[in-house]
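Please open the model in a viewer and keep the sequence panel at hand.

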Amino acid sequence: MANSNSKPDDTKIKDGLGRYKPIKRPSADIDNPLVKMLDSIVNGLEQSMGKRTYLCGNPDCGTLIIFHKNEQRPLVCHKCGSEIDWEGEYISRIKVCPKCSKEYDTNANYCPFHSPPVSLLEKEVEK
Ligand SMILES: [Zn+2]
Ligand SMILES: [Zn+2]
């Protein structure tokens, strides 16, 4: 039994720790309506003060990631070093025509206004 287990499973950690979507501060699964209400007030206050609170999306980490909206958004988790995938939260993916700069959904492949068709380029934009 010992011969096959000789390799530690740190192979997935080798090239980067992966990329995880951040988790919004947990608040939904609380049963107490008062706690729920307080939590939403605190959340609202933090939001209005520009404070953003997330949890690291790495299931082995889950540390708090707090930053101010006027400050630079963290790109990796300060605890585990995994990349934070802000797509959907602050970054959305669009497609852009390189010829006329019109913007399309990511499911579009060609700009309909040119013949021969022009392939759209994928682009990440800040929300
Ligand atoms: Zn982390
Ligand atoms: Zn075009």
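Which residue stands opposite V96 in strand 10? Select V96 and look across to strand 10: the residue facing V96 there is L121. Please bear in mind throughout that this is a predicted model.

**First stop: the sheet around strand 6**

Select residues 91–96, which form strand 6, together with residues 121–126, which form strand 10. These two strands run antiparallel to each other and are joined over six bridges.

With the three strands displayed, the open sheet can be read in the order 7-6-10, with antiparallel pairing. Strands 7 and 10 are its edge strands, since each pairs on one side only.

Now follow the chain from strand 6 to strand 7. The hairpin has six residues between the strands, and S101 in this hairpin adopts a positive phi near 65°.

**Second stop: the zinc ion (ligand 2)**

Select the zinc ion (ligand 2) and show the side chains of C97, C100, C111 and H114. Along the chain, the donors follow the spacing C-x2-C-x10-C-x2-H. C97 belongs to the loop between strands 6 and 7, and H114 to the loop between strand 8 (110–111) and strand 9 (118–119); the pair therefore ties together parts that are 17 residues apart in sequence. Both C97 and H114 are buried.

Move to the zinc ion (ligand 1) and select C56, C61, C77 and C80. Each of these cysteines coordinates the ion through SG, at 2.3 Å. The four donor atoms subtend angles of 107 to 112°, and the arrangement is therefore tetrahedral. The donor spacing in sequence is C-x4-C-x15-C-x2-C. Because C56 lies in the loop between strand 3 (51–55) and strand 4 (64–68), and C77 in the loop between strand 4 and strand 5 (83–84), the pair ties together parts that are 21 residues apart in sequence.

Are these two residues, C56 and C77, buried or exposed? C56 is buried, with a relative accessible area of 3%, and C77 is likewise buried, at 2% relative accessibility.

**Last stop: the largest pocket**

Finally, select K24, R25, N43, E46, Q47, K51, R52, T53, Y54, E89 and Y90, which line the largest pocket. Helix 2 (33–48) and strand 3 are the elements that give two or more residues to this lining. Strand 3 supplies the largest share, four residues. The volume of the pocket is about 180 Å³. Colouring the lining by class will show six charged, three polar and two nonpolar residues.

Key: Residues numbered from 1 in each chain as written. Chains lettered and ligands numbered in written order. Predicted model: local features only at pLDDT ≥ 70, side-chain atom pairs only at ≥ 80, totals over all residues. Heavy atoms only, no water. Donors = N, O, S within 2.8 Å, 3.2 Å for Na, K, Ca; no water. Tetrahedral: all angles 85-135°; square planar, octahedral: opposite > 155°, others 65-115°. Buried < 20%, exposed > 50% of the residue type's maximum accessible area, 1.4 Å probe, protein only. Pairing = 2+ DSSP bridges. 1 Å grid on protein atoms, 1.4 Å probe; cavity = no way out; pocket = protein on both sides within 12 Å on 5 of 7 lines; lining within 4 Å. Points joined across faces, edges and corners; volume = space filled by probe spheres on them. Nonpolar A, V, L, I, M, F, W, Y, C, P; charged D, E, K, R; others polar.
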